[in-house]
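Trainee: I'd like to go through this one and ask where each label comes from. Can we start with the picture?

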Amino acid sequence: MNLKETELPGKGKKFEIETRSGEKLTITIHDDGRREVCHYGIDNPEDSISKISLTDEEARYVSAIIGGVTYKPTPLENIEVALGDLIIEWYKLEPHYKAIGKTIGELRVRQRSSATIIAVVESNHSKHINPGPDLLLTAGALVVVIGERLHQQQIRQILLNGSA
């Protein structure tokens, strides 16, 4: 995440945040307490996709929600469910993972780790339950895997490095 702060003399302060996914968010805090939040997409970083103006009170309320004051989620990729010696884990394919652009069959996941990919949820929310070897792994996908702890360590390396 990249953060840039800019003083706006006579107006307030502007914060620009670039996320890991490449999207941009700008937050302008006006001297009168108003906040303007703009969201910019990856494809066209100069034109905002959406914009919202908030009062000081609204901004503080939204900040509390986003900051986790009222609810703290458990990230799916950190959840593990134990079934005897079997563990189900979720792995989010970050852009730098070497498994991206390869099929499950190309990676030889089951042969190399003894773990089984039981589902893949794409970043567009399409789901592949019990995917076959021809499924192409894409950036941002959530890969759901079942196996023993050693198998999970091996598949983590396969997804990250493209090898065991």
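Mentor: Helices (H or I, at least four residues) and strands (E, at least two) are themselves DSSP runs, numbered from the N terminus. This is a predicted model, where local features need pLDDT of at least 70, side-chain atom pairs count only at pLDDT 80 or more, and totals for chains, interfaces and linings use all residues. Residues are numbered from 1 along each chain as its sequence is written, and side-chain values use heavy atoms, with hydrogens and water left out.

Trainee: What makes β1 and β2 a pair?

Mentor: Pairing needs at least two bridges, and β1 and β2 (residues 12-18) have 7, in the antiparallel sense. Asn2, for instance, stands opposite Glu18 in β2. The two strands form a hairpin with 3 residues between them, and Gly10 in that turn has a positive phi of about 80°.

Trainee: Which strands are called edge strands?

Mentor: β1 (2-8) and β5 (48-54), as each pairs on one side only. They belong to an open sheet of 5 strands in the order β1-β2-β3-β4-β5, with antiparallel pairing. Further in, 6 bridges join β3 (residues 24-30) to β4 (residues 35-40), and Leu25 stands opposite His39 in β4.

Trainee: Why is Glu36 called buried?

Mentor: Buried means under 20% relative accessible area, exposed over 50%, partly exposed in between (1.4 Å probe, protein chains only). Glu36 has 17%, so it counts as buried. This residue lies in strand β4.

Trainee: How do you know that the length of α4 agrees with a helix?

Mentor: The expected span is 1.5 Å times one less than the number of residues. For the 13 residues of α4 (residues 149-161) that gives 18 Å, and the end C-alpha atoms are 18 Å apart, so the two agree.

Trainee: Which residues of α4 are buried, and what do they pack against?

Mentor: His151, Gln152, Ile155, Ile158 and Leu159 are buried.

Trainee: What comes just after α4?

Mentor: Gly162, with a positive phi of about 75°.
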